[in-house]
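Please have the sequence and the 3D view open side by side. The text below leads from the whole chain to single residues.

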Amino acid sequence: MADVIDFQKRALARSSRQDATVTTPQAEPPADPVGELYAIEAQALYISQGMTLTDPGTAAAHRIALTLALNAIDGAHALGHITADAHQRLRGTLLAAQRAPDCL
């Protein structure tokens with residue numbers, strides 16, 4: 001079974017490290033730091049494969065793939081394979097991932 005990356009924890013950890021090293025006031029925090037972090041990581045992966053999430057076709061395919069993943073998570077929950085808490089956390093992560101093209 002693959003490990004699940006908790007992008008929210010990673011974004012919060014990154015934010016904590018930045019807060020500890022920055023002494024000047026920062027601009028408003030991003031509206032969706034988890035989504036923005038995922039967007040950066042996803043974009044890097046797509047670029048490594050000669051694609052970009054800024055391309056409308058690639059962005060559409062990305063959203064479709066994540067819709068399929070959301071459907072799988074919903075099915076796993078409906079069949080009792082994952083708890084309600086796991087379902088909610090996984091859905092949140094996948095929804096943030098699905099919005100990645102909008103963050104670029």
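Predicted model: local features only at pLDDT ≥ 70, side-chain atom pairs only at ≥ 80, totals over all residues.

Residues are numbered from 1 along each chain as its sequence is written, and side-chain values use heavy atoms, with hydrogens and water left out.

The chain has 5 helices and 0 strands, and its pattern along the sequence reads α-α-α-α-α. Helices here are DSSP runs of H or I with at least four residues, strands are runs of E with at least two, and both are numbered from the N terminus. Of the 104 residues, 25% count as buried; buried means under 20% relative accessible area, exposed over 50%, and partly exposed in between, with a 1.4 Å probe and protein chains only. The chain exposes about 7,100 Å², of which carbon and sulfur atoms supply 60%. These areas come from the Shrake-Rupley method with a 1.4 Å probe, and for residues only the protein chains shown count as cover. Among contacts (heavy atoms within 4.5 Å) with a separation of 6 or more, 59% are between residues 24 or more positions apart.

The largest nonpolar core has 11 residues: Tyr38, Ala39, Ala42, Tyr46, Leu53, Leu66, Leu70, Ile73, Leu94, Ala97 and Ala100. At least two core residues come from each of α2 (33–48), α3 (56–78) and α4 (84–98), and α2 gives the most, with 4 residues. A nonpolar core is a set of buried Ala, Val, Leu, Ile, Met, Phe, Trp, Tyr and Cys residues joined through side-chain atoms within 4.5 Å. In soluble globular proteins, nonpolar side chains tend to be buried together.

Next comes the pairing of two helices. The axes of α3 and α4 lie 10 Å apart, at an angle of about 175°, which makes α3 roughly antiparallel to α4. Axes are lines fitted to C-alpha atoms, for helices over the stretch in contact, and angles run from 0 to 180 degrees between N-to-C directions; under 35 degrees counts as roughly parallel, over 145 as roughly antiparallel, 65 to 115 as roughly perpendicular and the rest as oblique. Residues of α3 that meet α4 include Leu66, Leu70, Ile73 and His77, and their counterparts in α4 include His87, Leu94 and Ala97.

The helix α4 has 15 residues and reaches 21 Å from its first C-alpha to its last, close to the 21 Å expected at 1.5 Å a residue. The buried residues of α4 are His87, Leu94, Ala96, Ala97 and Gln98, and their cover includes α2, α3 and α5 (100–103). Histidine 87 counts as buried because its relative accessible area is 14%. Setting aside neighbours within four places in sequence, histidine 87 is in contact with Ile73, Asp74, His77 and Ile82.

Two other residues have higher values. Isoleucine 64, found in helix α3, is exposed because its relative accessible area is 54%. Isoleucine 64 and glutamine 98 are 34 residues apart in sequence and 8.5 Å apart in space, C-alpha to C-alpha. Methionine 51 lies in the loop between α2 and α3, and with a relative accessible area of 39% it is partly exposed. Not counting residues up to four places away in sequence, methionine 51 touches Tyr46 and Thr58.

Technical notes. Expected span 1.5 Å × (residues − 1).
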